[in-house]
Amino acid sequence: MSSAADSISIILITGEFIIGVLGNGFIGLVNWVDWIKKKKISTIDCIITNLVLSRICLISVMVLNVILIVLYPDVYTKRKLQIVICTFWTFANYLNMWFTTCLNVFYCLKIANFSHPLFLWLKWKTDTVARWILLGCFAISSLVSLIVPIVLSCDYKFHATAKHKRNITEMFHVSKMPSFKPLTLFNLFAIVPFIVSLISFILLVRSLWRHTKQIKIHATSCRDPSTEAHVRAIKTMTSFIFFFFLYYIISLWVTFSYLITKYKLAMVFGEIIAILYPLGHSLILIIFNKKLRQASVKMLTCRKIACVI
């Protein structure tokens with residue numbers, strides 16, 4: 001990469017970092033203040049707070065990765081550092097995806113209406129189910145992040161033994177080869193929360209369709225609270241599906257980027273695009289969540305008044 005490309009990459013990644021941390025930090029701060037005032041926290045706020053914390057960690061790891069690649073390439077070639085970054089990225093990444101899935105399942109259980117006994121039981125126990133899912137998300141993420149360094153270390157040692165005479169540059173490229181299979185498997189496993197979210201989305205759309213059909217039969221208003229709740233949840237989940245699909249494709253791009261001649265450029269480009277997922281979806285949450293939207297409007301209004309004064 002040229003110096004101009006390096007400078008542009010640093011500027012873009014810095015801007016994304018600032019917006020991502022401020023956006024997610026704002027959500028966490030609003031929920032924390034509400035928790036202090038009410039002396040308790042709702043299940044939805046608990047899920048969203050854990051989600052934004054995981055996203056701040058994910059964005060930080062991704063930004064650190066880009067800075068090391070662009071500004072300190074010699075340091076980045078150290079295998080131990082790569083394993084540490086990969087481990088923290090895996091932990092934050094899995095937390096982010098599973099917490100988002102938990103949020104989508106919560107929307108589905110709270111808003112959708114079905115007569116199936118299992119769904120009715122889950123709907124009745126929504127808060128309990130959501131909190132257990134949160135614990136499960138943390139357990140899965142911790143387990144996978146513990147497996148990653150062990151697999152990568154063993155795989156690297158095996159290849160390093162056969163190719164110990166390579167120089168530093170060759171070692172850097174070889175280091176991506178042993179990590180190819182494990183990281184690809186971990187990325188493929190990440191499709192599971194996406195499938196769960198997609199099922200929740202389909203159930204919510206079907207519930208809205210049935211609800212709209214009943215409204216037409218009874219000739220009642222189409223803008224009742226249930227319909228509006230369905231629409232808001234569907235919009236939020238649609239944005240998640242879009243951003244997740246983009247993020248997943250880019251993650252695979254980064255995984256296979258060692259096959260590209262300009263590996264460094266491909267990886268930096270992939271990371272910059274990938275950050276749009278934890279950044280963009282959080283901004284969507286602020287727009288469609290009534291409490292967060294009102295808090296943001298209030299903050300902007302107070303800022304305008306302060307500027308005028």
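Visitor: What makes residues count as contacts of L103 here, and which ones are they, leaving aside neighbours within four places in sequence?
Guide: A contact requires heavy atoms within 4.5 Å. In this predicted model, the residues that meet that cut-off with L103, beyond its neighbours within four places in sequence, are I44, I47, I48, L51 and L285.

Visitor: Which residues touch the most other members of the largest nonpolar core?
Guide: They are L103 and Y107, in a core of 75 residues. Several helices each supply at least two of its residues: α1 (3-38), α2, α4 (79-111), α6 (126-162), α8 (191-218), α9 (225-256), α10 (263-274) and α11 (276-288). The largest share, 18 residues, is the contribution of α4.

Visitor: What makes the pairing of the T49 and N31 side chains a polar contact?
Guide: The two side chains are 3.3 Å apart, and the cut-off is a pair of N or O atoms within 3.5 Å, so the distance qualifies. Apart from its neighbours within four places in sequence, T49 is in contact with N31 and also with I41.

Visitor: What makes the phi of K39 worth a remark?
Guide: K39 is not a glycine, yet its phi is positive, about 65°. Most residues other than glycine have a negative phi. K39 is found in the loop between α1 and α2. With a relative accessible area of 71%, against a cut-off of over 50%, K39 is exposed.

Visitor: Where does UniProt place the feature "transmembrane region"?
Guide: The unreviewed UniProt entry places it at residues 12-35, 47-71, 91-109, 129-152, 185-205, 240-260 and 266-288.

Visitor: How do you know what secondary structure the model has over residues 12-35?
Guide: Over that stretch the chain is 100% helix and 0% strand, with end C-alpha atoms 34 Å apart. Residues 91-109 are also 100% helix and 0% strand, and there the end C-alpha atoms are 27 Å apart. As for the protein chain, it has twelve helices and zero strands.

Visitor: What makes a residue part of the lining of the largest pocket, and which lie closest to its centre?
Guide: A lining residue has an atom within 4 Å of a pocket grid point. The pocket has a volume of about 380 Å³. Of its 16 lining residues, I44, Y107, R232, F288 and N289 are the closest to the centre. Helices α2, α4, α9, α11 and α12 (290-308) each supply at least two lining residues.

Visitor: How many residues are in the protein chain, and what share counts as buried?
Guide: The chain has 309 residues, and 46% count as buried, with under 20% relative accessible area as the cut-off.

Conventions. Residues are numbered from 1 along each chain as its sequence is written. This is a predicted model: local features need pLDDT of at least 70, side-chain atom pairs count only at pLDDT 80 or more; totals for chains, interfaces and linings use all residues. Side-chain values use heavy atoms; hydrogens and water are left out. A polar contact is a pair of N or O atoms within 3.5 Å; within protein, one must be able to donate a hydrogen and the other to accept it, and residues adjacent in sequence count only if both atoms are side-chain atoms. UniProt positions are given in the numbering used here, feature names are shortened, and annotations may be inferred rather than shown by experiment. Helices (H or I, at least four residues) and strands (E, at least two) are DSSP runs, numbered from the N terminus. A nonpolar core is a set of buried Ala, Val, Leu, Ile, Met, Phe, Trp, Tyr and Cys residues joined through side-chain atoms within 4.5 Å. Buried means under 20% relative accessible area, exposed over 50%, partly exposed in between (1.4 Å probe, protein chains only). On a 1 Å grid over the protein atoms alone, a cavity is a set of points where a 1.4 Å probe fits but cannot get out, and a pocket is an open set with protein on both sides within 12 Å along at least five of seven lines; lining residues have an atom within 4 Å of a point. Grid points are joined across faces, edges and corners, and a volume is the space filled by probe spheres set on the points.
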